[in-house]
Each structure stands twice: as C-alpha cells, then as structure tokens.
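Biologist: I am new to this one. Can you walk me through it, question by question?

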Amino acid sequence: MSAKISAATVRDDFNDPVTVVHYTRAAHFLGLWESERILIERFFPDKTAPLLEAGCGAGRATLGLWHLGYRDLTAFDFAEELLDQARQLATDQGVTAIHFLHADATKLTSVLHDSSSSSVSQPSALNSQPAPAFAGALFLFNGLMQIPGRDHRRAALRELHAVCRTGAPLLFTTHDRDVSPTERALWRLEILRWENGTQDPRLVDFGDRYFEDETGRTFMHLPDRAEILEDLAATGWTHTFDSLRRDIAKESRAVRDFSDECRFWSAVRT
C-alpha cells in the first residue's frame, strides 16, 4: 500500500532541484502579482508594522513586500533549498534587514521563541517585542493548502494566531474546487472514487491532489469555501474578505501562466 503524503513528502518535493529552479525563476523575474499588491496595501496599510510571511519559498513575495516599502519583515519556509535562494536573492538586491527563518508553520511558536532568544543583531520584531510579536501575517500562493491533513492546516492557523497580535490581519490564498463548471464536474467524479475506495491511496483528505509536471511534484489541497470558513472559526480567526483573483485584478500573461485561478482570503486575529 502506498504511503500517505506527509510533510516530509512535501518538503522533499520543494527541495527538488527542478522545483527550486521554478520558484527561483519566479522570485527573480515575476515578483508580486497585481492582485497581491492591491490586497497587501489594502490590509497592511502601515509599512512600519512587523509582518510575518509564512511559506516564503524563494522570496518572490518577500522581496516584493520590501520593494513596496515594508521594512519590518520576518519570513520563513520549511524547504531549506528554497530558503537559501530567498536569502541569496535578498543579498543580490542589497537587502539585509529581512529576517529569514527555517521553520515549519505547524510548529512555529517554538522556532520563533528560539530565534528571539538567540538573535541579537536582526532588526526584527522578534528582538524588541514579546510574543505575540506580529501585526499581520501572509501565507501566499496557496502555501497553507500545501500542508497535508486538515488537522495540520488548522495547526498552522493556530500557530499564526499565537504569534500575531489581537486584530492582526491574515492574508492567504487557496484554490477553490467550485471555481468553474469543469472543476465541479471533476470533483463529482472524485467523490465517487472516494466512496468506492479507488482514489489515489496516497491522498489524505477529500480535496487533495498530487501530480507531477515540468515544474516538479506538487501536493495541493483544494477546499470549498465552507471548509475555509470553518477552519478560520475553529482557529481564532474572523473572516473579513474573500474573492477570486480574477475579480481583484487583471493579471499579466506571465502570472496566469505561473498560477491557476485562486481565491484570496483575509481574516483578523480575535
């Protein structure tokens, strides 16, 4: 019987050289999407506030935030190879004030505590304020949905809640399995597979996909809207906004080639 997809599976996939090249190229040449820029500036108007970026990958959004004028940034990823690329991109662009961390979103608080205790030179919120340190958090490009297992995704939301201040906004994206008639038809077929026990045995939850293409192997959970609303409510976040990307901005062809349609979500820490 095939082993279930785990965090270790996803970490190995993100550390694969083919995947590293794919995300590094986007970090160097794509930058922030227009929809990301619009919502970042809407929900994070104070560019001096300490922000946390989860799942920063090779630094595409991290450096985008810096170039928008955000100056108190902490970013983490659990894929060491991607994190090395993010650090190198920051160095290449002469940016030295971003605090990069190797961390797992489901085990975040202990890593941030250790970093705060040991670091004395980084100009980050971690050095000057006790936890919860952050005035906002971001988990872009469907990073939350690349955590296998709903309990683990909820654990990540709880960890972000623990390190953010009351009232802090959270901005993240997901796919949406109700986004089109074609998607809905495909998922009706998938329901039958799960009912018959003929789904991919590696999958953890209904809504999971695991596939391979020229950019590497990818695990992705595709929720419906009700699932995300339930997860936010269960983890201390109050939903404030959601919208499909296409309704926020007309993206360039490069962005559309890089990423399928997704849904943006915003919530606040209660």
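Biologist: Which residues form one aromatic cluster?

Modeller: This is a predicted model. A search of the whole structure finds 10 aromatic pairs. One aromatic cluster consists of Phe14, Tyr23, Trp33, Phe141, Phe258 and Phe264.

Biologist: How are the rings of tryptophan 33 and phenylalanine 141 arranged, stacked or edge-to-face?

Modeller: Their centres are 5.6 Å apart. Planes over 60 degrees apart count as edge-to-face. Here the planes stand at 85 degrees, so the pair is edge-to-face.

Biologist: How many residues apart are tryptophan 33 and phenylalanine 141?

Modeller: Tryptophan 33 is in the loop between helix 2 and helix 3. Phenylalanine 141 is in the loop between strand 4 and helix 8. The pair links distant parts of the chain, and the separation is 108 residues.

Biologist: Which charged residue sits over the ring of tryptophan 33, and how far is its charged end from the ring centre?

Modeller: Tryptophan 33 is buried. Over its ring sits the charged end of arginine 245, and the distance to the ring centre is 4.9 Å.

Biologist: Is aspartate 13 buried or exposed?

Modeller: Aspartate 13 forms a salt bridge with arginine 217, with the closest N and O atoms 2.7 Å apart. The two are distant in the chain: aspartate 13 is in helix 1, arginine 217 in strand 7. Buried means under 20% relative accessible area. Aspartate 13 has 5%, so it is buried.

Biologist: What separates arginine 37 and glutamate 41 along helix 3?

Modeller: Their side chains meet in a salt bridge, 2.9 Å from N to O. The two residues are 4 apart in helix 3, so the separation is about one helical turn.

Biologist: Which residues do salt bridges join into one network?

Modeller: The whole structure has 21 salt bridges. Some share partners, and these join one network: Arg153, Arg177, Asp205, Asp224 and Glu227.

Methods. Residues are numbered from 1 along each chain as its sequence is written. This is a predicted model: local features need pLDDT of at least 70, side-chain atom pairs count only at pLDDT 80 or more; totals for chains, interfaces and linings use all residues. Side-chain values use heavy atoms; hydrogens and water are left out. Rings of Phe, Tyr and Trp (its six-membered ring) pair if their centres lie within 6.5 Å; planes under 30 degrees apart count as stacked, over 60 as edge-to-face and the rest as tilted. Buried means under 20% relative accessible area, exposed over 50%, partly exposed in between (1.4 Å probe, protein chains only). A charge sits over a ring if NZ of Lys or CZ of Arg is within 6 Å of the ring centre and within 35 degrees of the ring normal. A salt bridge is a side-chain nitrogen of Lys or Arg within 4 Å of a carboxyl oxygen of Asp or Glu.
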